[in-house]
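Please look through the sequence and the model below, and then follow the report from its side chains to its overall form.

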Amino acid sequence: MAAAAVTSGRLAALTKTRCAIFQTAYNPTSARTGAKYLRARLRGPSMVKYYPQDIDLSMSKLAKQWPELELVNFAEAQRLRDVEAKKARGKGVPTKAKDKTQSRRTQRKR
């Protein structure tokens, strides 16, 4: 038996029909379309399920939620003591300028 020669036009028509039947993109030039990645299942939902939900157990939030417990945030208390000590030595934060005339940048000559 002799094999019949198949023309390129018939192969193109077959490919176009196959794409219509199986609902795939017709791409005769084989251009990169990213269709493989667009068809793939999304990874985000499974990653969200895998990692546990973050629970914020900061002392400041706990103290605000239950003020009757009188919880003390030692880090914050130490920070406030340090700020007071700096202010006593004159090393505190400078006062904020009310308008442009009080700003140091506008007073400086260029």
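## An aromatic pair

In this predicted model, the structure holds one aromatic pair. The rings of Tyr50 and Tyr51 have their centres 5.0 Å apart and their planes at 90°, so the pair counts as edge-to-face, the term used for planes over 60 degrees apart.

Both partners can also be described by how much of their surface is accessible. Tyr50 is exposed, with a relative accessible area of 65%, and Tyr51 counts as exposed as well, at 53% relative accessibility.

Side chains of opposite charge can pair when their charged atoms come close. Arg79 and Glu76 are three residues apart in helix H5, which means that about one helical turn separates them. An α-helix has 3.6 residues a turn, so residues three or four places apart point the same way.

## A nonpolar patch at the surface

Met59 also belongs to a nonpolar surface patch of about 360 Å², which is made by Met59, Trp66, Leu69 and Leu71. Of these residues, Leu69 has its place in the loop between helix H4 (59-65) and helix H5 (74-89), and at 52% relative accessibility Leu69 counts as exposed, a word that applies over 50%. The C-alpha atoms of Leu69 and Leu57 are separated by 15 Å, and these two residues are twelve residues apart along the chain.

Helix H1 covers residues 8-22 and so has 15 residues, reaching 21 Å from its first C-alpha to its last, which is close to the 21 Å expected at 1.5 Å a residue. Just after H1 comes Gln23, which takes a positive phi of about 55°.

Helix H5, in which Glu76 is found, has 16 residues and reaches 23 Å from its first C-alpha to its last, a value close to the 22 Å expected at 1.5 Å a residue. The residue that follows H5 is Gly90, and its phi is positive too, near 80°.

## Positive phi values in the loops

Most residues other than glycine have a negative phi, and most peptide bonds are trans. Against this background, Ser30 can be noted for a phi near 60°, a positive value in a residue other than glycine. Ser30 is found in the loop between H1 and helix H2 (35-39), where Ser30 is exposed, with a relative accessible area of 61%.

Which phi does Glu70 have, although it is not a glycine? For Glu70 the angle is positive, at about 50°. Glu70 is found in the loop between H4 and H5, the loop that also holds Leu69, and Glu70 counts as exposed, at 66% relative accessibility.

## The overall form

Taken as a whole, the secondary structure of the protein comes to six helices and zero strands, so that from the N terminus on the elements run α-α-α-α-α-α. The C-alpha atoms fill a box of roughly 105 × 55 × 20 Å, taken along the principal axes. A compact globule of 110 residues would have a radius of gyration near 13 Å, but the protein has 35 Å.

Of the 110 residues of the protein, 1% count as buried, the word being kept for residues under 20% relative accessible area. The accessible surface comes to about 11700 Å², of which 57% belongs to carbon and sulfur atoms.

Terms used:
Residues numbered from 1 in each chain as written. Predicted model: local features only at pLDDT ≥ 70, side-chain atom pairs only at ≥ 80, totals over all residues. Heavy atoms only, no water. Phe/Tyr/Trp six-rings, centres within 6.5 Å; stacked < 30°, edge-to-face > 60°. Buried < 20%, exposed > 50% of the residue type's maximum accessible area, 1.4 Å probe, protein only. Patch = residues over 30% accessible without salt bridge, like charges linked within 9 Å, V, L, I, M, F, W, Y side chains within 5 Å. Areas by Shrake-Rupley, 256 points an atom, 1.4 Å probe, with all protein chains shown as cover. Salt bridge = Lys/Arg side-chain N within 4 Å of Asp/Glu carboxyl O. Helix = DSSP H or I, 4+ residues; strand = E, 2+ residues; numbered from the N terminus. Rg over C-alpha atoms; globule rule 2.2 N^0.38 Å.
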